Every structure is written in C-alpha cells, then in structure tokens.
Amino acid sequence: MGNEICYNKLRSSVRKLTQAKMLVHPCFTDDTGIFLKVISYLRLKGEKHMNKPAILSAAQLECHLQAGHFDKVIELFEQLDAAYQLQQARLAALLDTVNEAICMIDEEDRVLVWNKQAEGLYGIKAQEIVEQPIDRFFSNLMISKAMKQHQLVTEEYHTPCPDTHVLINTRPILLEGRVVGGISAERDITDLVQLNQKLSQTNREVQSLKKTINKIHSQNDPFSAIYGRGKAIGDAVSMAKRVAATSVPVLLRGESGTGKELFAKAIHEASQVSGAFIAINCGAIPANLFESELFGYQPGAFTGADRKGKEGLLEKANGGTLLLDEVGDMPREMQVKLLRTLQEKCLYRVGGNKPIHVDFRVIAATHRNLEDMIRTGEFREDLYYRLNVVAISLPPLRERLDDLPELLRRGLQYYSALYNKNIIKVDPAVMAALVQYQWPGNIRELLNVLERLVILTDGETLEITELPQALFVSDNIKPAGNIQEANRLPVATAELEREIITRVLEEHNHNKALTAQKLGIPRSTLYYKMQKLGMLSIN
C-alpha cells in the first residue's frame, strides 16, 4: 500500500510532464539522477515479474531525457505501469485466495496489507486498519516482535486477542539487508481449540461417570476392586469371599505390594459389620509406644500422657475389623497381651484396672515366614494358631503375568483420567519389558511405573523410552526357563490387544470404521487383528 502511494505520486509527476512537453530540458537538471534511479528500479522490477527483456538501459533512458524525447520516456513509464498493475492484480488475487489471514506492516508498525481472511477473523475492515498503527487494534503483537528482533516464527501457537487462537508464521521484510517491515500469516484454529476443550471436558465427565458406576458396582461386590483372572488370584478371592461372612480370624500371606490391605478391606466390607475398619502397621509403631497405641491409657498413666486419657486402636475396632499389618514385626512382649485380648475379648488400658469389653474381627497380614520365626523364638506359637485359622496366600506379580494386560489397562484408565491424558496404545516393546521384569515391588511397583509413564507420555502411545532404567537391569529381568515362560509375551500382548480393541469398539457402538480411526490403524488391519484374536463374532 505504501509503495503504491509513492508510485502514484511518481505517475502523477510523469502525467504533469506529459502535459508540459514544451518544457525545455533544464527543468530536469536537479531531479534527473533521482528520476533515473526510480524509473530504472521500476523497470527492473517490471522485467523481473513480466519475464521480459530490459526495455531500455539507464544510459539510453538518460539520452532520451537529455534529447527531450519525452514520448519515449512516457511510453516506457506506461509499460512499467502496466507491469505494476499486473503485479498488483496478481498479489490481490493471491491475498484473497489463501486461507490464512495476511497482515503486512512497515518499519513504523503501520498496516500496509490486510486481506479478506484477516477481516473475517478479527472483524476489522481493511479501510479501517490500513495506514493505521497496528498497536491501536492489538496489544499482543508477534509480527512487531519478529520484525524488531529479526526473528523467523513458524507455526507457533498464538492468541492475538481473547478467545481467538491461531497458528502464526511471521518474518521481517528485508531490503538490501535492512528491515523495512514485517509480514504474518495466521491460520485460525479457534474452533479446533474450543472443540478440544469441549472434548476434554466431556472426557472428564465420562471418566467421572465411570468412577460413579464402578463405585456403585463395587458397593455390590467389595472384591470388584481386585483385578485379575488368573487361577492364583482367583483362588485367593474365592477363599476370601467364603470366609467374609464368618467372624473367623484370617491370615493374609504375601510379599510387600501384593494387595494384602486391599483384601482385608474387601473382607471387612463383605462381612457387613457395623464397626470401623482399623489398620495397624505393626512395623511402623515404636516399641515404647506400642502398648499405649493399641490398648490406650488412663489419665496420668505416664509422664506426658493426655489428662483425659486416650482410647486405643483395639477399642476403636470394637464391632468392626482390625487389620494387624506386618504382624511379624510386633514386639514379642506385646504378643502375649494381644493373645489374651483375643481370647478373653477384653482389654485393660495402660495404667487402668477396669476391663473393657471388645469384639472385633481380626485379620493379620505378613510377608515374613512366621514358622521360621516360631522356631527362632521371635513369634509366639499360640498367637500364630490364634491368627492362622484361615490362611490366604496372595501370589506375587511375577507369578501372575497373565493378569498383566488387565492390570495395565486398568492402571492406564485411572492415571489417564487423573492426569487428563488420552492414551490408547501401548508399544509392544513396553509390554515385552513389563513381562520380563521380576517386579520385586509387585502391584505397588507396577502402579508406580504406570503413573510415571502416563505423566511423561505426550501422545496416545506408551513408549519404551519413558520406562525407568531399573526395568532393564539384568538382575531384575527374569530369564526364560521353559517353553511356557517363553510364550508369555505373545499371550500377554494378544490379551492386551484384545482388551484395547474391545474397549474402543464398545466406546464407538461397534462401528469398526470409527474404531480403526481411533486406534490409528487401517480398517483392514483391524479386521485382520480381530480375525487373529477370534473377535469377529463381536457385533
């Protein structure tokens, strides 16, 4: 726009020259050099854009001027004018054809170009903004910043004004190494951003609804929170359900992280007792405080005691369930007192002589070998038989790898909803690493790894690059011992694929085209996988 104004002034001067052909040559003495430079520049520009040979050389043009051949000069100018008009028409067509909003400014931040897409995006007409400083209309100006800092910006997310979202490309305009302005092209992505926000909100609502449904379902079946279909975990759940309706003591045995407290809570909820569920970690209470914590104390029982006394954990469990977690770590002197409480169903507070009646269901849990501890004198045999009426062994994760796909899927669902992620695919290499790992920390360690993976994953696929290095240490990798062990990886991978395909099919009402699109695979590949997995019977 600014160049056009200068050009029009020059054209007006030449028109005046045309009307005054009787003027003698000396009239051009002072401006001839400047005039020659302008005409030569426009002529060369015309030559470049018209792809035509040079019309006249600068020397020839100067000769015409000195000889007073104004008709030749005017003819040249008209040819250049035609080339300029053609170039302007092409530029206008280009600006109105592209989908991006185009803005061009000069070195003083005045708007030179403002196309129709820019009008539609910002609701500002070209006649309102052209020749005006751009900062009168916008405050967050990336085009000015790029121009002044000599920066090139490519496909960068930008919010030029509230509720408008664009991807912007902008760069300075250079003329012979000098910045003479800036240009930007902005693609409107407002609808996409708003749609993504709505989808995210909808996803959060769906996940909330799923949690509500799962909560309702878990109220009907307290053991629904225990995942797995393998025989070992199935036998443990079956035994727990059978003893839940009774009041007999239960001893839960298993390594750390296998879910002993989860089993204890499920047994408590299934028993439908009215009292509370009280969990005591016998290894976390200092020996000198153990007695007062379990049995409570009378006012003034010892120095520093509460003047009102304190109710012990055993009293709080009255009418409910008491979990003695890590019972193997209980001090031996406390074992005899606990045994007496379980036998007589009464206790005495520290410093008190009044019996307090208590009746609760006791569940003990340990990862230690109590039989060896009895032989070494660390654990009382009589207390062992009191607690070990029904023993339930919980398998470590390395012995229930068939359950790994379901545990992985459940964990991904939970943490994806927690951190607002949309992870639907797992790199087979990830599954291979998970299957080969020995999982010394069991379910607790698996959940820790899954939470890390979800947090660090930016796309829709879990990648092996985000796995902790500990999973690749040779001491933690389980060697293949036989054919059955070696076949676990393909079985686990197939089970995971089945779980994911089934879930996405259900989410899209079994529309295979939408399912394939969601999974990021061709429909033919989806059919192939469903046939291979025996799923084509799914409607």
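Tutor: Happy to! Let's start with an open sheet of five strands, ordered β2-β1-β5-β4-β3 and paired in the antiparallel sense. Before going further, note that this is a predicted model, in which local features need pLDDT of at least 70 and side-chain atom pairs count only at pLDDT 80 or more, while totals for chains, interfaces and linings use all residues. Residues are numbered from 1 along each chain as its sequence is written, and side-chain values use heavy atoms, with hydrogens and water left out. Strands (E, at least two residues) and helices (H or I, at least four) are DSSP runs numbered from the N terminus, and two strands pair if DSSP finds at least two bridges between them.

At the edges of this sheet stand β2 (111-114) and β3 (153-161); each has a single partner strand, so one side of each is left without a neighbour in the sheet. On average, neighbouring strands are turned by 30 degrees against each other, direction ignored.

Strand β1 (residues 101-106) is joined to β2 by three bridges, and the two run antiparallel. Across this pairing, C103 stands opposite W114, and I105 stands opposite V111. β1 and β2 form a hairpin with four residues between them, and D109 in the turn has a positive phi of about 70 degrees.

W114 also has an aromatic partner. Rings of Phe, Tyr and Trp (its six-membered ring) pair if their centres lie within 6.5 Å; planes under 30 degrees apart count as stacked, over 60 as edge-to-face and the rest as tilted. By this rule there are six aromatic pairs. In one of them, the ring centres of W114 and F138 are 6.2 Å apart and the planes stand at 35 degrees, so the pair is tilted. W114 belongs to strand β2 and F138 to the loop between α6 (126-129) and α7 (142-148), so the pair ties together parts that are 24 residues apart in sequence.

A second open sheet has five strands in the order β7-β8-β11-β6-β12, with parallel pairing. Its edges are β7 (277-281) and β12 (390-393), each with a single partner strand, so one side of each is left without a neighbour in the sheet. From one strand to the next, the twist averages 20 degrees. β7 pairs with strand β8 (residues 321-325) in the parallel sense over five bridges, and I280 has L324 of β8 as its bridge partner.

On to the helix packing. Axes are lines fitted to C-alpha atoms, for helices over the stretch in contact, and angles run from 0 to 180 degrees between N-to-C directions. Angles under 35 degrees count as roughly parallel, over 145 as roughly antiparallel, 65 to 115 as roughly perpendicular and the rest as oblique.

Helix α16 (residues 404-418) packs on helix α18 (residues 442-456) at an angle of about 50 degrees, with the axes 9 Å apart. That makes α16 oblique to α18. The contact (heavy atoms within 4.5 Å) involves L404, L407, L408, G411, L412, Y415 and S416 of α16 with I443, L446, L447, L450, E451 and V454 of α18. By class, these are ten nonpolar, two polar and one charged; Ala, Val, Leu, Ile, Met, Phe, Trp, Tyr, Cys and Pro count as nonpolar, Asp, Glu, Lys and Arg as charged, and the others, Gly among them, as polar.

Helices α21 (residues 512-519) and α22 (residues 523-532) pack at about 100 degrees, with axes 9 Å apart, which means α21 is roughly perpendicular to α22. K512, A513, T515, A516 and L519 of α21 meet R523, L526, Y527 and M530 of α22, a contact with six nonpolar, one polar and two charged residues.

Finally, α11 (residues 287-295) and α13 (residues 332-344) pack at about 15 degrees, with axes 11 Å apart. That makes α11 roughly parallel to α13.
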